[in-house]
Amino acid sequence: MKKIMTLALALSLAAVSNQALAASAKCTVTAVNESSITLDCGSTAQSLKVGEEVKIRTAKKQKAIEGC
């Protein structure tokens, strides 16, 4: 019984973890309209699907390091 429970837990964890992984790509903004943007992702665009929700983060600017 314990082996069956462990196997069921492992299979359910594997199924959930595959769904949690998302495609990642570095893209460049090419155009901005009122309510939409156009991204150029190069060859990594094939991993994205039409209608898929994506999260976009802006690039962080690094502060200048001042010397003594």
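**Surface, fold and disulfide**

Modeller: The accessible surface of the protein chain is about 7300 Å², and 59% of that belongs to carbon and sulfur atoms. Keep in mind that this is a predicted model.

Colleague: Thanks! What share of the 68 residues is buried?
Modeller: Buried residues account for 1% of them.

Colleague: And how many helices and strands are there in the protein chain?
Modeller: The protein chain has 1 helix and 2 strands, running α-β-β from the N terminus on.

Colleague: In which sense do S1 and S2 pair?
Modeller: Antiparallel, over 4 bridges. A hairpin of 4 residues takes S1 into S2.

Colleague: Switching topic, which cysteine does cysteine 27 join in a disulfide?
Modeller: Cysteine 41, with an S to S distance of 1.9 Å. The count comes to 1 disulfide.

Colleague: Why is the disulfide right-handed?
Modeller: Because the torsion about the S-S bond of cysteine 27 and cysteine 41 is about 105 degrees.

Colleague: Last one: is cysteine 41 buried or exposed?
Modeller: Buried, since its relative accessibility is 11% and the cut-off is under 20%. Cysteine 27 is partly exposed, at a relative accessible area of 32%.

Terms used
Residues numbered from 1 in each chain as written. Predicted model: local features only at pLDDT ≥ 70, side-chain atom pairs only at ≥ 80, totals over all residues. Heavy atoms only, no water. Disulfide = S-S within 2.5 Å. Buried < 20%, exposed > 50% of the residue type's maximum accessible area, 1.4 Å probe, protein only. Pairing = 2+ DSSP bridges. Areas by Shrake-Rupley, 256 points an atom, 1.4 Å probe, with all protein chains shown as cover.
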